[in-house]
Structure formats: structure tokens, C-alpha cells
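Please keep the sequence and the structure beside you while reading the points below.

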2 protein chains.
Amino acid sequence: MAKATKAAAQAVAENGNLDTALRGLVGYSMKRATNMLQADASRVLDGYGLRITTFSALAVICDHPDVTQSQIAAALNMERSNTVLIIDALEQAGLIGRHRVPTDRRSYALRATLEGMKTRDAALKALAAHEDDMLRNLDQEERATLMALMGKIAPRS
Amino acid sequence: MAKATKAAAQAVAENGNLDTALRGLVGYSMKRATNMLQADASRVLDGYGLRITTFSALAVICDHPDVTQSQIAAALNMERSNTVLIIDALEQAGLIGRHRVPTDRRSYALRATLEGMKTRDAALKALAAHEDDMLRNLDQEERATLMALMGKIAPRS
DNA sequence: ACTTGTTAGCTATGTTATATAACTATTATG
DNA sequence: CATAATAGTTATATAACATAGCTAACAAGT
């Protein structure tokens, strides 16, 4: 055990937590859980040459061929400007293609390549397996409850 | 409604979601909820001259006088190196003080100033109020369940 | 006491995610 | 046709997070 000042060391000895007050905040506790899940997801996706954002965009494109960058931004709750480099990366990796739309020359119709579809499927499967492990202490009903409760969180009224 | 390619536009018309597959991942859904809470928390804390990380560190210091930077890093699940600038910011804002420890000249005993205590109390109160609003669709039992379920998520086995 | 290993804080650096403003080309609207 | 809105882009900034390496100080074993 590390040397520590008295009061803090005592708190550590008691329950190992110095952040008791913060744990009462849902945002704080959720951030910690999210960080754990995201860090693991990043490591998994790295094996497929993807980051979390590029994987997310790829998944949307696979499920919705001919989607536009603006639609992806809206779906993933990000700024349009930030989609550019993400789509660039997917295109350069040969996972998707930008196709011009005859009826609107401003936008691109994004479509996954065969490799893109395969990569998505494999990555999604790997992610699900890792999540399943990290959620091993929750049964199916508890997982459903967790998702439902998170879905009830709303923007400021 | 924005002009969109056919298939994607249809999906949007149906349920407004292009990310159905991703929503099945707990990590993805939790990230979305977390982002919402964190963005709001950042705005709140900005009013107190704090960021999420500086507020978190301040809260730990207030609750555990004479805590060290390493202990804060461990408590907040961050790297020691990243605590330095955070503690610097709190010190320069006059919210905490670095005090030398006679028994160990390597470490600092961090203590909040009176203003630090006041700032923390006010910020925490404001954060709790904002969370209470964003969680208005969950009753007390549901909030407790949410916290309990998040706490069951574990690192990879 | 002296070497060895560890700890605390610090510095530098890099990446990822996110946000904003401003620009061009194109399309929609009054 | 003039004006407004939209799609994509560029540039830029910041927060959070991570890694490697460094110095000073302490701890432990011989």
C-alpha cells in the first residue's frame, strides 16, 4: 500500500473510494462506466483499423445505403464538419464509396463496399462479445432495464 | 424536412433513427446519454470557472483534506500526469492550496480554501439540480436501479 | 552506508472526440 | 431573379485521455 496522508489513507482503507460525493451524480457514474466500455471498444476496433467514430458511421452506412454525410451527423449526434474526416478515412480504407447523387449535386450517396460490410459485421460481432463479457454480472432482464432507463434521460426542459 | 436519398429518408420518416444497430450496444447508448449529461454539466460548471475534471478533483480535495495528487489520479481513474495541470488550475484559481508534507517531501497535501469549499458546494448543487431535471422521467427507484446496474459493469475478465 | 527499486510530481507530446466559424457550390423559396 | 437554406468542406480550438521519460525523494535489502 502506498504511503498517504492520514485522512485520505483512512478513506482508502475503509472503502477504497475518495469520490463518494461524485458517485451520487448520475453523470459521473455513467461517465466512469462509459469510459470503461469505450476504452475496451477502442482496443477492439483498433484490430479492424477502425475508431469508434469511423465504426459508428460505417454501421449507419451499411444499414442505410445512399445515406448522406449530413444524415450521418444527425444520426450520430455530431457536427457535419466532423463527419468529413471520418468519411474520408472510411473511403481511403476502401470500406465505403462516395457516389454522386444526380438529383442533388451537393451531397454524396454513401455506400459500403463488400469489404466494408464484412468489416462492419466482424467488428460488431467482436464488440458485442466484449460487451457481453463486461456485462456478465447483469442478466438479460437487467440489461434491458439498463437500456430502457438510459433511454428515459432527456435534454433539459 | 431535409431532402435526402430515398432509403435513408424513408428510415428517418419511419422512426427518425439511422443508428438502430448501434443502439443495441450498451456502450453506444450509454455514450449518447453520457454526452448529453456531460455537455450540460460542462455548461453549468463553466459558470463557476470549472471544467469537469477540475470540479471532480476539487470535490475529492474538499471531502478528503490532505489528499495527494496520486490519490486523486487513482480516485478519478486518470493518469498521474494529467492531474498536474488540473491541480495547477485549481491552485491558480485560489480554490485549493498545495501544502508540503513534512514526512514525505515528494508529495503535496492538497487542501481546499474557503472559497474552494463554497465553489464546490454551489457547483455541486447546480449540477444536481440540472441532473434532476434531465432525469425527470425517472422516479427515485428507477434512478437507484440505474446507478446499481451501472455499478455492475465490470472490466474484461 | 550503499545499491536497487519504487513512488510523487512534472514535462513533453500525441490522439481522439467534440465544437464553432466561415467559406463554396448548389438547391429551394418567395 | 434575389434571397435564403443546405451539403460538404476547411481551419481552428479545446477537453479528455494516454504514454514515455525525467528528477527528487523515499524504502528496503544486503
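This is a predicted model: local features need pLDDT of at least 70, side-chain atom pairs count only at pLDDT 80 or more; totals for chains, interfaces and linings use all residues.

In it, Leu146(A), Met147(A) and Met150(A) of helix 8 of chain A meet Val26(B), Ser29(B), Met30(B) and Ala33(B) of helix 3 of chain B.

**Helix packing between the chains**

- The residues of this contact between helix 8 of chain A and helix 3 of chain B divide into 6 nonpolar, 1 polar and no charged.
- The crossing in which helix 8 of chain A passes helix 3 of chain B is left-handed.

**Helix packing within chain A**

- Two packed helices are described by the angle between their axes and the distance between the axes.
- For helix 4 (residues 52–63) and helix 7 (residues 114–134) of chain A, the angle is about 120 degrees and the axes are 10 Å apart.
- That angle makes helix 4 of chain A oblique to helix 7 of chain A, and the crossing of helix 4 and helix 7 of chain A is left-handed.
- On the helix 4 side of chain A, the residues in contact are Phe55(A), Leu58(A), Ala59(A), Cys62(A) and Asp63(A), while helix 7 of chain A brings Gly116(A), Met117(A), Arg120(A), Ala123(A), Leu124(A) and Leu127(A).
- By class, the residues of this contact between helix 4 and helix 7 of chain A are 8 nonpolar, 1 polar and 2 charged.

**The surface near DNA strand C**

- Around DNA strand C there are 24 residues, of which Ser81(A), Asn82(A), Arg105(A), Ser70(B) and Arg106(B) come nearest.
- Those residues near DNA strand C comprise 4 nonpolar, 9 polar and 11 charged.
- Of the atoms of DNA strand C that lie within 4 Å of the protein, 60% belong to sugar or phosphate, and the rest belong to bases.
- Phosphate oxygens of DNA strand C take part in backbone contacts, with a polar backbone atom of Ile52(A) at 3.3 Å and a backbone N or O atom of Tyr108(B) at 3.0 Å.
- A base oxygen of DNA strand C, in turn, is 3.4 Å from a polar side-chain atom of Arg106(A).

**The surface near DNA strand D**

- DNA strand D is surrounded by 24 residues, and the closest are Lys31(A), Ser70(A), Arg106(A), Ser81(B) and Arg105(B).
- Of the atoms of DNA strand D that come within 4 Å of the protein, 62% are accounted for by sugar and phosphate.
- The surface near DNA strand D has 4 nonpolar, 9 polar and 11 charged residues.
- A side-chain N or O atom of Asn35(A) is 2.8 Å from a phosphate oxygen of DNA strand D, and a side-chain N or O atom of Gln69(A) is likewise 2.8 Å from a phosphate oxygen of DNA strand D.
- A base nitrogen of DNA strand D lies 3.4 Å from a polar side-chain atom of Arg80(A).
- At least two residues of the surface near DNA strand D come from each of helix 3, helix 5, helix 6 and strand 2 of chain A, and from each of helix 4, helix 6 and strand 2 of chain B.

Definitions and conventions: Residues are numbered from 1 along each chain as its sequence is written. Chains are lettered from A and ligands numbered from 1 in the order in which they are written. Side-chain values use heavy atoms; hydrogens and water are left out. Axes are lines fitted to C-alpha atoms, for helices over the stretch in contact, and angles run from 0 to 180 degrees between N-to-C directions. Helices (H or I, at least four residues) and strands (E, at least two) are DSSP runs, numbered from the N terminus. Angles under 35 degrees count as roughly parallel, over 145 as roughly antiparallel, 65 to 115 as roughly perpendicular and the rest as oblique. A crossing is left-handed if the near helix is turned anticlockwise from the far one by less than a right angle, and right-handed if clockwise. Contact means heavy atoms within 4.5 Å. Ala, Val, Leu, Ile, Met, Phe, Trp, Tyr, Cys and Pro count as nonpolar, Asp, Glu, Lys and Arg as charged, and the others, Gly among them, as polar. A residue is near a molecule or strand if one of its heavy atoms lies within 4 Å of it. A polar contact is a pair of N or O atoms within 3.5 Å; within protein, one must be able to donate a hydrogen and the other to accept it, and residues adjacent in sequence count only if both atoms are side-chain atoms.
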